[in-house]
Amino acid sequence: MANRPKGYGYSREVASKIDAKYSEEDELEVVAWISSFVQSSPDEEGKEAFHAWLKDGQVLCQLMNVLQNGSCKPNQPYTGTMQAMKRNKEMENIGMFLSAAAKYGVKSEDQFQTVDLYEGGNLGQVQATLYKLSSVAMKNGMGEGIGVKIADENKRNFDEQKTREGRNVIGLQMGTNQVASQGGMTPYGLGRQLTGPNLNSTK
């Protein structure tokens with residue numbers, strides 16, 4: 001399905017932009033990272049091989065089970081002749097991986113859609129999701145990852161006295177009388193008043 005026509009006009013332009021997000025350098029990093037956890041690797045390098053390697057969801061579920069034991073239980077590889085049944089089981093595997101990844105800590109907005117992988121239409125997003133998964137795994141102590149390290153939460157606990165003191169502080173956004181004000185300024189529209197002891201005296 002990855003070789004099907006990308007459409008015409010605007011549809012083809014959008015498909016080309018999505019396709020351009022796929023990175024061969026990222027592919028090498030993602031493959032090396034996954035292979036460090038599971039005994040599997042693509043038959044060769046390249047986008048098509050990467051797609052074929054992950055398409056049935058088996059490798060992804062194996063990866064999740066290493067990161068979090070028993071979190072992803074894929075269907076057994078389908079050996080029948082019904083392509084519709086094979087498609088459904090493989091897409092279910094991808095869905096189970098995504099659910100397990102969400103429970104593990106990968107945000108839904110950082111995940112690819114099942115069809116992005118199965119149909120091969122947005123493998124760049126698949127790579128991005130695996131980078132996010134690596135970041136979460138690294139935070140959870142699963143070795144060195146390939147994604148950006150997630151900062152630990154710096155949660156602060158203040159006692160009740162500190163909390164009450166904070167309520168009594170008036171922020172500058174609420175206004176203040178401790179700095180410059182308009183006191184003594186000439187009202188708008190009023191002529192300048194030139195008065196003084198020498199100006200009003202008559203000789």
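Glu 90 counts as buried because its relative accessibility is 10%, where buried means under 20% relative accessible area, exposed over 50% and partly exposed in between, for a 1.4 Å probe and protein chains only. This is a predicted model, in which local features need pLDDT of at least 70 and side-chain atom pairs count only at pLDDT 80 or more, while totals for chains, interfaces and linings use all residues. Residues are numbered from 1 along each chain as its sequence is written, and side-chain values use heavy atoms, with hydrogens and water left out.

A search of the whole structure finds 2 salt bridges, each being a side-chain nitrogen of Lys or Arg within 4 Å of a carboxyl oxygen of Asp or Glu. The table sets them side by side.

| Salt bridge | N to O distance |
|---|---|
| Glu 90 and Lys 86 | 2.9 Å |
| Arg 87 and Glu 119 | 3.4 Å |

The second pair links distant parts of the chain, with Arg 87 in helix 5 and Glu 119 in the loop between helix 6 and helix 7, 32 residues apart; helices are DSSP runs (H or I, at least four residues) numbered from the N terminus. Glu 90 and Lys 86, by contrast, both lie in helix 5, 4 residues apart, which is about one turn of the helix. Lys 86 is partly exposed, with a relative accessible area of 27%, and Arg 87 is also partly exposed, at 25%, whereas Glu 119 is buried, at 18%.

Elsewhere, Lys 55 lies over the face of Tyr 118, 4.9 Å from the ring centre, the criterion being NZ of Lys or CZ of Arg within 6 Å of the ring centre and within 35 degrees of the ring normal.

Technical notes:
Helix = DSSP H or I, 4+ residues; strand = E, 2+ residues; numbered from the N terminus.
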